[in-house]
Each structure stands twice: as C-alpha cells, then as structure tokens.
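Subject: Handover of a structure for your review

Dear colleague,

Please find below the structure that I am handing over to you. My notes on what was found in it follow directly after.

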Amino acid sequence: ISGIELKLKKSFTEKSKYPTNFKIIITYKTVKKITPPGDAGSFKKLYYVDVVRTFKEAGFTVVNVKPVYDVTLGWFRKDGEVIDVTVGGQSKFKSSSEFRPDAEVVVSYHAYKEK
C-alpha cells in the first residue's frame, strides 16, 4: 500500500473516529507483468545469443545462460543450440503466460566439451 487518505485528512491514528459513510481512498501499486516472446518449445534449436536478446527485448531483466558441455563433433548437437528455456523456474510456459519482469530466465544450450 502506497497511501491511505480519509476524505479531507491525509493522516489519522488508530484512535481516530469517523462516521460510517466517511470516504476512504486506498492507493496501492502492483508490478506490471509481461509475457514471454514465445512458447517454451519454440526456442529449441535456436542460437542461444538470439534467445537471450529476444527475452531482454521483451522486458525481462534477469536473463542467464547455462552451457551444457555435451558437444564433441557437432553432428547431432550444435554448439550454441538451445536445449531448454525456463522462466521463473517453469520449463512449460506459453506466450500468453505472465511473469514479473525480474523473473529469472535461464537459457540452457549445447557447448563443446571442455578439454
């Protein structure tokens, strides 16, 4: 709650008394929710840098990457190819799902094995 106003009075105490029909205005703020730029499965096999950029452009402020070191030759898996995306810990989401802008986005992707 960002403010409470009693008709013409800006302040009051717990012992203040007013008639039952006295106008009370309560003001509060909420966090605007945003939607992801696509369904969860729509990011698979895209290049992770592009997916990160897309989420940032959609308004998400916490976008992290998670490399999975499982590429050897690159025939079946390509370096940088997205495996999975989670938003706010959810791996199943739709483009109509709503999240806070500060919900953590994690983009997991294939990367060459470390030597």
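Which residues make a nonpolar surface patch of about 350 Å²? The patch is made by I24, I26 and Y28. Patches here consist of residues with over 30% relative accessible area and no salt bridge, where like charges are joined within 9 Å and nonpolar side chains (Val, Leu, Ile, Met, Phe, Trp, Tyr) within 5 Å. Accessible areas come from the Shrake-Rupley method with a 1.4 Å probe, and for residues only the protein chains shown count as cover. Y28 lies in the loop between strand 2 (24-27) and helix 1. With a relative accessible area of 57%, Y28 is exposed; the term exposed stands for over 50%, buried for under 20%, and partly exposed for what is in between (1.4 Å probe, protein chains only).

Basis of the values

Please note that this is a predicted model, in which local features need pLDDT of at least 70 and side-chain atom pairs count only at pLDDT 80 or more, while totals for chains, interfaces and linings use all residues. Residues are numbered from 1 along each chain as its sequence is written, and side-chain values use heavy atoms, with hydrogens and water left out.

Overall architecture

The chain has one helix and five strands, and along the sequence they follow the pattern β-β-α-β-β-β. These elements are DSSP runs numbered from the N terminus: helices are H or I with at least four residues, strands E with at least two. Of the 115 residues in the chain, 27% are buried. The chain exposes about 8,600 Å², of which carbon and sulfur atoms supply 52%. Among contacts with a separation of 6 or more, 68% are between residues 24 or more positions apart; contact means heavy atoms within 4.5 Å.

The nonpolar core

A nonpolar core is a set of buried Ala, Val, Leu, Ile, Met, Phe, Trp, Tyr and Cys residues joined through side-chain atoms within 4.5 Å. The largest such core has 19 residues, and F55, F60, V85, V87, F93, V105 and V107 touch the most other members. Helix 1 (48-57), strand 4 (82-87) and strand 5 are the elements that give two or more residues to this core. Beyond its neighbours within four places in sequence, V87 is in contact with F55, F60, F93, F99, A103, E104 and V105.

Y48 is placed in helix 1. Residues up to four places away in sequence aside, Y48 touches V65, G80, V82, V107 and Y109.

H110 and its surroundings

H110 belongs to strand 5 (residues 105-112). Its relative accessible area is 10%, so H110 is buried. The side chain of H110 makes a polar contact with the side chain of D70 at 2.8 Å. A polar contact is a pair of N or O atoms within 3.5 Å; within protein, one must be able to donate a hydrogen and the other to accept it, and residues adjacent in sequence count only if both atoms are side-chain atoms.

Salt bridges

A salt bridge is a side-chain nitrogen of Lys or Arg within 4 Å of a carboxyl oxygen of Asp or Glu. By this rule there are three salt bridges:

- D70 and R77 meet through their side chains at 3.5 Å, N to O. D70 counts as buried because its relative accessibility is 18%, whereas R77, at 40%, is partly exposed.
- R53 and D50 meet at 2.7 Å, N to O. Both lie in helix 1, three residues apart, about one turn of the helix. R53 is partly exposed at 42% relative accessibility, and D50 is partly exposed at 33%.
- D102 and R100 meet at 2.9 Å, N to O. D102 is partly exposed at 40% relative accessibility, and R100 is partly exposed at 40%.

A backbone point

K45 has a positive phi of about 75 degrees although it is not a glycine. Most residues other than glycine have a negative phi. K45 is placed in the loop between strand 2 and helix 1, and at 66% relative accessibility K45 counts as exposed.

Yours sincerely
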